[in-house]
Amino acid sequence: YPEWVYKVAGVTVTKTIVMVQGENTVAVNYEIEKGNAKEVSLSVKPMLRVTAKNTAFEEMDAKEFAFNATLSTHCTVTKASDTIYFATNGTVTEMDTEVFGPLYFSQDERDGRDETGLVLLNHEVTLAAEQEKSALTCVFGTKPVDCSDTYFAEALQNHKTYVNSLMENSKATSELGRQLSVSADAYVSE
């Protein structure tokens, strides 16, 4: 699972991403360590690239997306019959729709899609870190999602268990071979 660490003015933010096995769901967790800071607030603007394979996201497509905040912690972004469901433990605020880019997408390039493209920004998520350690979790999926206090930890543990199972059950004799089994599994599709 990918993880990034950012340090600014004594505050540490660790961003971790996990995909839920067998679902079109991704969870992003921002662990915030306040350090000596008295007040810390983290705001993120999710960049959405909602396109089918071999289809480019164009600036005019942004007008076709509808944002709907069902609660201060849940929203949907819809275009025609396609919906992205979003849940967080932070607060969701709608913002003026913005198209940003072009950005480079290495995974898309390897997957047969355009390697550069635009993204849609239409909401912001904020969490005031009230404790020494706090976490902002954002969950995106193609089915309704929820974001309990333990959602991310459970998703990450399930992912680790799955990866360990792949490595243990591979017939590879080297560590590199077992890691390649995990990588290959990420590209297997039905």
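Analyst: One definition to start: two strands pair if DSSP finds at least two bridges between them. Helices (H or I, at least four residues) and strands (E, at least two) are DSSP runs, numbered from the N terminus. This is a predicted model, where local features need pLDDT of at least 70, side-chain atom pairs count only at pLDDT 80 or more, and totals for chains, interfaces and linings use all residues. Residues are numbered from 1 along each chain as its sequence is written, and side-chain values use heavy atoms, with hydrogens and water left out.

User: Okay. How many bridges join β8 to β9, and which way do they run?

Analyst: Nine bridges, and the strands run antiparallel. β9 covers residues 116-129.

User: What holds paired strands together in general?

Analyst: Backbone hydrogen bonds, in either parallel or antiparallel pairing.

User: Now β3. Which strands is it joined to?

Analyst: Eight bridges join β3 (residues 25-33) to β2 (residues 11-19), antiparallel. Nine bridges join β3 to β10 (residues 133-141), also antiparallel. Towards β10, asparagine 29 stands opposite threonine 137.

User: What about the hairpin of β2 and β3, how many residues sit between the strands?

Analyst: Five. Glycine 22 in that hairpin takes a positive phi near 80 degrees.

User: Which residues other than glycine have a positive phi?

Analyst: Alanine 9 is one, with phi near 50 degrees. Alanine 80 is another, at about 55 degrees. Most residues other than glycine have a negative phi, and most peptide bonds are trans.

User: Where are those two alanines? Buried or exposed?

Analyst: Alanine 9 is in the loop between β1 (3-8) and β2. Alanine 80 is in the loop between β6 (74-79) and β7 (82-88). Alanine 9 is exposed because its relative accessible area is 76%. Alanine 80 is exposed too, at 75%. The cut-offs: buried is under 20% relative accessible area, exposed over 50%, partly exposed in between (1.4 Å probe, protein chains only).

User: And peptide bonds: where is a cis one?

Analyst: Between glycine 101 and proline 102, with omega about 10 degrees. Proline 102 lies in strand β8.

User: Switching topic. Where is serine 170, and why does it count as buried?

Analyst: Serine 170 is in the loop between α2 (151-169) and α3 (175-186). It counts as buried because its relative accessibility is 15%.

User: What does its side chain reach?

Analyst: The backbone oxygen of methionine 167, at 3.1 Å. Leaving aside neighbours within four places in sequence, serine 170 is in contact (heavy atoms within 4.5 Å) with Arg178 and Ser181.

User: Last one: lysine 63, buried or exposed?

Analyst: Exposed, with a relative accessible area of 74%. Lysine 63 is in the loop between β4 and β5 (66-71). Its C-alpha atom is separated by 9.8 Å from that of glutamate 98, 35 residues apart along the chain.

Methods:
A polar contact is a pair of N or O atoms within 3.5 Å; within protein, one must be able to donate a hydrogen and the other to accept it, and residues adjacent in sequence count only if both atoms are side-chain atoms.
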